[in-house]
Amino acid sequence: MNKKTDLRILRTKQSIRKAFYELIQEKGYEAITIQDIADRSMINRNTFYLHYQNKPDLLDTCMNELLSELKDAVVLCPISMNPFSISLLETVMQTVLEHISLNMTFYHSMLIEENRIYQFQAKMENIIKDKLIEGWKPAQGNSSLAISKELLIEYLGSSFMGIVIWWIKNGKPLPADEVSSQFSRIVAYGHLRAAGIAVEEKN
């Protein structure tokens with residue numbers, strides 16, 4: 001296969017995926033037909049089937065490739081949860097947000113509103129949780145926690161994803177580095193202290 005043919009195949013796949021993402025946002029995954037995708041990407045149905053078996057195959061390919069790219073980016077980030085490092089958690093969050101910025105249409109179609117793909121969100125959250133667990137290296141002689149580690153990881157992973165979804169849904173209202181910094185401070189100090197709200201101690 002020559003280089004010209006390779007480029008043509010790449011462009012066709014990109015066109016199919018772009019059409020697919022747009023249609024998910026417009027009408028939801030279940031309502032999309034192969035003909036819809038073919039019409040939007042200006043190809044015929046036979047061309048679609050040269051690259052993908054069916055609609056679930058297209059969805060799985062898109063999700064797996066993008067999540068693989070995200071995982072590769074996150075894996076390179078150093079992290080430490082014990083002792084906790086604000087700057088390292090910032091790096092992880094910022095890496096995720098910058099990756100999303102490069103693939104905004106896809107992430108919006110996968111994560112936002114009633115047309116979102118729940119399995120994508122679950123897989124993405126697991127990548128974040130795995131990264132948090134990776135950074136958990138208990139200090140020698142002090143491996144116990146005041147609360148359940150599993151509960152804490154679940155809370156942090158859910159909070160992380162909540163911030164990501166808010167950021168996408170609202171069109172990136174704050175720069176990635178600022179969101180990352182604020183999220184890390186919330187994790188480190190609690191939401192009230194991080195916001196500068198005085199807390200009255202119980203007598």
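In this predicted model, helix α1 gives the most to the lining of the largest pocket, with 7 residues. Helices here are DSSP runs (H or I, at least four residues) numbered from the N terminus. A pocket is an open set of points on a 1 Å grid over the protein atoms alone, where a 1.4 Å probe fits and protein lies on both sides within 12 Å along at least five of seven lines; lining residues have an atom within 4 Å of a point. The lining comprises 16 residues, and Q14, R17, Y21, L66 and N103 lie nearest the pocket centre. Two or more lining residues come from each of α1 (3-27), α4 (55-75) and α6 (104-111).

The secondary structure of the protein chain consists of 10 helices and 0 strands. Of its 203 residues, 36% are buried, that is, under 20% relative accessible area with a 1.4 Å probe, protein chains only.

Beyond its neighbours within four places in sequence, F120 is in contact (heavy atoms within 4.5 Å) with M63, L67, F106, Y107, M110 and L111.

Residues are numbered from 1 along each chain as its sequence is written, and side-chain values use heavy atoms, with hydrogens and water left out. Local features need pLDDT of at least 70 and side-chain atom pairs count only at pLDDT 80 or more, whereas totals for chains, interfaces and linings use all residues.

Terms used
Buried means under 20% relative accessible area, exposed over 50%, partly exposed in between (1.4 Å probe, protein chains only).
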